[in-house]
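Work through the exercises below with the sequence and the structure at hand. Try each task before reading its solution.

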Amino acid sequence: MTKKLFVKTYGCQMNVYDSERMAEALGAGGYEQIDTPEGADMILLNTCHIREKAAEKVYSELGRLRPLREANPDLKIGVAGCVAQAEGEEIMRRQPLVDLVVGPQTYHRLPAMMEAVDRGEKALDTDFPEEDKFAHLPKLRTPKRGPTAFLTVQEGCDKFCAFCVVPYTRGAEVSRPADRLMGEARALVDRGVREITLLGQNVNAYHGAGPDGEWGLARLIREMAGIDGLDRIRFTTSHPNDMEDDLIAAHGDCDKLMPYLHLPVQSGSDKILKAMNRKHTAEQYIRLIERIRAARPDLLLSGDFIVGFPGETEDDFQATLDLVNAVGYGTAYSFKYSSRPGTPAAERKGQVSDAEASERLQRLQALLGEQQRATQDSMVGRRVQVLFEKTGREPGQMVGKSEYLHAVHVDGPEDLRGEIAAVEIVASRSNSLAGRLI
Ligand code: SAH
Ligand code: SF4
Ligand code: F3S
């Protein structure tokens with residue numbers, strides 16, 4: 001008898017990838033994935049700890065599951081991901097509904113944990129094990145739902161930015177062996193995938209064992225570009241200090257590597273960058289962007305920013321606005337600093353008031369919004385290649401992504417799904433582009 005599994009994913013793309021792998025791991029134990037929590041025998045929340053709001057969501061979501069448990073006393077509830085890693089025991093204490101807690105590095109042990117849960121025990125595993133979990137997970141079996149896929153190539157982080165929980169929730173930086181990644185990429189392509197996004201918390205720090213010595217990210221990308229049927233490669237998230245020459249060069253000479261780069265800088269103030277432990281200056285970042293753009297002039301640049309880091313003055317914030325003006329982003333993500341327990345910055349003096357941080361965030365987002373709009377508007381009249389993924393909101397509409405990761409919708413037949421087609425951009429909407437098939 002198959003049992004029903006519902007997985008809800010929060011946080012970054014690595015969690016999206018992990019959710020898929022966890023569903024596969026439980027699939028071997030007879031679980032079949034469904035799209036709603038209603039009717040599930042097992043509900044798994046794959047959580048994010050990056051900011052306070054993200055972490056608090058877990059407890060409110062667990063509260064909402066109570067009626068489902070009351071309706072079905074056999075319903076099992078599990079918490080996975082970065083909140084599980086950081087607060088596993090507290091979750092068990094605070095929320096008796098929870099049967100299982102599993103960290104990001106131990107989910108290959110889920111089948112055994114589920115056996116314990118089925119015996120009526122609680123299961124908690126937040127180890128950082130010796131073994132490579134990926135080597136103990138079942139091979140991907142379920143059909144892919146679309147032509148794009150994520151592939152985690154590197155996990156964890158050794159950089160210890162002063163604000164960030166990732167080194168504690170994901171553990172030390174580890175790169176997966178290149179031959180396994182090549183195998184997984186080929187398997188994805190065999191299942192109809194045409195675009196792969198290589199993932200890692202510091203994906204460009206990738207240095208995995210290859211058949212002829214260590215491979216960096218550029219080598220991995222170039223080798224994957226040799227796979228027939230794989231048309232597009234992307235990677236995220238990168239750190240400015242790991243943007244090596246061959247990776248910059250790949251942006252210029254590897255056709256399958258898409259002209260989009262997410263390269264967070266966090267702040268434009270050298271004082272704040274130093275306090276954040278980012279280990280580069282604003283000037284070094286701007287020079288780096290110049291070099292990358294020299295290799296690929298039409299690159300669309302994306303970034304992350306934090307406002308209100310402890311000690312940030314109005315002048316420091318102005319330096320961030322200056323950097324944004326100097327660089328020019330096609331899109332960006334910006335956040336108010338969120339104090340995270342256990343990180344060095346949480347203990348610092350000079351915490352910025354919430355009102356001030358909100359006001360700075362508004363000004364930064366206004367500027368980033370203008371740049372995003374201008375970038376989108378500049379696409380009108382241009383030809384792009386769109387990989388179509390799904391039907392659009394309007395009847396007869398299909399939606400996909402351009403090389404620059406803009407969402408583009410056109411009037412077109414459903415059999416465009418999974419195809420790459422030339423499109424002329426005719427209008428720029430709030431969060432997408434309208435196009436016409438050529
Ligand atoms: N490894 C990536 C970032 C991973 S976290 C990098 O170094 O660029 C994604 C983003 O969340 C970060 O870039 C940062 O902008 C934001 N972030 C992380 N910790 C935060 C915190 N404590 N408060 C607010 N934003 C945070
Ligand atoms: Fe966090 Fe910094 Fe590591 Fe990125 S590089 S995951 S921000 S510690
Ligand atoms: Fe969140 Fe963990 Fe990803 S904290 S951003 S889910 S690495």
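Two residues are in contact when they have heavy atoms within 4.5 Å. The model used in these exercises is predicted.

**Exercise 1. The chain as a whole**

Task: Decide whether the radius of gyration of the protein chain agrees or disagrees with that of a compact globule, and describe the chain's secondary structure and contacts.

Solution. 
Step 1. The protein chain has 438 residues, and a compact globule of that length would have a radius of gyration near 22 Å. The value for the chain is 22 Å, so the two agree.
Step 2. Along its principal axes, the C-alpha trace spans about 60 × 60 × 50 Å.
Step 3. The secondary structure consists of 13 helices and 21 strands.
Step 4. Consider the contacts between residues at least 6 apart in sequence: 71% of these join residues at least 24 apart.

**Exercise 2. Surface and charge**

Task: State what percentage of the residues is buried, what share of the accessible surface belongs to carbon and sulfur atoms, and how far apart the centres of the positive and negative side chains lie.

Solution. 
Step 1. Of the 438 residues in the protein chain, 54% are buried.
Step 2. The accessible surface is about 19200 Å², and carbon and sulfur atoms account for 49% of it.
Step 3. There are 56 positive and 66 negative side chains. The centres of these two sets lie 2 Å apart.

**Exercise 3. Arg 69 and Asn 15**

Task: Classify Arg 69 and Asn 15 as buried or exposed, and find the backbone oxygen that the side chain of each one reaches.

Solution. 
Step 1. Buried means under 20% relative accessible area.
Step 2. Arg 69 has 16% relative accessibility, so it counts as buried. Asn 15 has a relative accessible area of 1% and is therefore buried too.
Step 3. Arg 69 lies in helix 3, residues 66-71. A polar atom of the Arg 69 side chain lies 2.9 Å from the backbone oxygen of Leu 75. Leu 75 is also listed among the contacts of Arg 69 beyond four places in sequence, together with Lys 76, Ile 77, Leu 97 and Asp 99.
Step 4. Asn 15 lies in helix 1, residues 13-27. The Asn 15 side chain reaches the backbone oxygen of Thr 47 at 2.9 Å. Beyond four places in sequence, the contacts of Asn 15 include Thr 47, Cys 48 and Arg 170.

**Exercise 4. Two residues of one loop**

Task: Locate Lys 133 and Pro 147, and say whether Lys 133 and Pro 147 are buried or exposed.

Solution. 
Step 1. Lys 133 lies in the loop between strand 6 (123-125) and strand 7 (148-152). Pro 147 lies in the loop between strand 6 and strand 7.
Step 2. Lys 133 is buried because its relative accessibility is 2%. Pro 147, at 4%, therefore counts as buried as well.
Step 3. Leaving out neighbours within four places in sequence, Lys 133 touches Pro 104, Gln 105, Tyr 107, His 108 and Glu 155. With the same exclusion, the contacts of Pro 147 include Gly 192, Leu 387 and Gly 418.

**Exercise 5. Asp 298**

Task: Say where Asp 298 lies and which side chain it joins in a polar contact.

Solution. 
Step 1. Asp 298 lies in the loop between helix 11 and strand 15 (300-307).
Step 2. A polar contact of 2.5 Å joins the side chains of Asp 298 and Arg 296.
Step 3. Beyond four places in sequence, Asp 298 is in contact with Pro 259 and Tyr 404.

Methods:
Residues numbered from 1 in each chain as written. Chains lettered and ligands numbered in written order. Predicted model: local features only at pLDDT ≥ 70, side-chain atom pairs only at ≥ 80, totals over all residues. Heavy atoms only, no water. Helix = DSSP H or I, 4+ residues; strand = E, 2+ residues; numbered from the N terminus. Rg over C-alpha atoms; globule rule 2.2 N^0.38 Å. Buried < 20%, exposed > 50% of the residue type's maximum accessible area, 1.4 Å probe, protein only. Areas by Shrake-Rupley, 256 points an atom, 1.4 Å probe, with all protein chains shown as cover. Lys, Arg positive; Asp, Glu negative; His and termini not counted. Charge placed at Lys NZ, Arg CZ, Asp CG, Glu CD. Polar contact = N/O pair within 3.5 Å; in protein donor to acceptor, adjacent residues only side chain to side chain.
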